[in-house]
Amino acid sequence: MDHERLTRAQRKQQTRERLFDAARTAFLEKGVAATSVEEIAEAAGYTRGAFYSNFGGKQEVLAELLRRDAVLARENLQAVVEKGGTLKDTLARAIACYSNGELDSDCFPLWIEAQLLARRDNLLGERLDVLRRETLVHVSNCMRTFAEDADGALRVDAGALAVALVSLCDGIQLFRMCNPQTAKDLAIQSVLAELASCMSWQTREKKRADAHRAKETA
């Protein structure tokens with residue numbers, strides 16, 4: 001059976017994806033620093049020159065890998081938001097989604113290594129900063145949506161709340177990675193959900209209490 005002939009652009013994209021997949025596998029197995037360009041090229045079936053025709057270096061591949069991972073995490077969180085439901089239930093689902101998505105993600109160690117590499121690579125550091133800012137903006141927007149759906153308002157700034165939640169999740173992921181037998185996923189998710197709920201739930205309850213008092217004094 002005749003196969004459709006690929007265009008030059010399609011062949012280049014195919015080569016790039018094969019190199020990317022080979023690099024991802026090697027990075028996850030050995031780490032970025034311990035992986036050579038030659039190893040990546042050989043695993044993908046190409047030459048060292050082919051690698052540099054598609055990527056500027058290992059850090060560029062790493063940045064693209066983390067970008068895709070961040071996009072997937074945001075898409076999963078957005079799906080939770082769009083599902084709707086009560087504020088508390090939605091928060092619990094969102095926390096579980098975020099925690100599971102990265103606690104079980106094989107990419108998390110690469111985020112840690114990337115942060116260390118970025119201390120000596122300004123370009124990589126800038127790329128990571130962009131990814132983090134995009135994630136924080138997305139999480140803060142989700143928190144505003146939660147509050148609006150619950151007919152309430154956040155007790156704290158949505159941006160500050162996003163930083164707190166993401167930092168907690170990142171710290172817990174690191175703890176779990178170092179102590180896999182100690183940290184229990186369900187307990188972690190429950191605590192994070194309660195913290196997030198308290199920050200947004202109390203405003204709605206306060207509004208109800210104020211309305212009740214107003215009726216009694218009327």
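1. A contact here means heavy atoms within 4.5 Å. By that criterion, among contacts between residues at least 6 apart in the sequence of the protein chain, 69% join residues at least 24 apart.

2. The model is predicted. Mean pLDDT for the protein chain is 80, with 67% of the residues at 70 or more. Confidence is lowest in helix α9, residues 185-217, where the mean is 61. The highest value belongs to helix α2, residues 37-44, with a mean of 97.

3. The secondary structure of the protein chain consists of 9 helices and 0 strands. Along the sequence, the order of elements reads α-α-α-α-α-α-α-α-α.

4. On burial and surface: the protein chain has 218 residues, and 39% of them count as buried. Its accessible surface amounts to about 12,900 Å². Carbon and sulfur atoms account for 53% of that surface.

5. Helix α1, residues 8-30, packs with α2 at an angle of about 125°, and the two axes lie 8 Å apart. The angle therefore makes α1 oblique to α2, since the roughly perpendicular range ends at 115 degrees and roughly antiparallel begins over 145. The crossing of α1 and α2 is right-handed.

6. Which residues make the contact between α1 and α2? On the α1 side they are R18, L19, A22, A23, F27 and K30. The α2 side supplies E39, I40, A41, A43 and A44. Helix α2, as noted, is where confidence in the protein chain is highest.

Terms used
Residues are numbered from 1 along each chain as its sequence is written. This is a predicted model: local features need pLDDT of at least 70, side-chain atom pairs count only at pLDDT 80 or more; totals for chains, interfaces and linings use all residues. Side-chain values use heavy atoms; hydrogens and water are left out. pLDDT is the predictor's confidence in each residue, from 0 to 100. Helices (H or I, at least four residues) and strands (E, at least two) are DSSP runs, numbered from the N terminus. Buried means under 20% relative accessible area, exposed over 50%, partly exposed in between (1.4 Å probe, protein chains only). Accessible areas come from the Shrake-Rupley method with a 1.4 Å probe; for residues, only the protein chains shown count as cover. Axes are lines fitted to C-alpha atoms, for helices over the stretch in contact, and angles run from 0 to 180 degrees between N-to-C directions. Angles under 35 degrees count as roughly parallel, over 145 as roughly antiparallel, 65 to 115 as roughly perpendicular and the rest as oblique. A crossing is left-handed if the near helix is turned anticlockwise from the far one by less than a right angle, and right-handed if clockwise.
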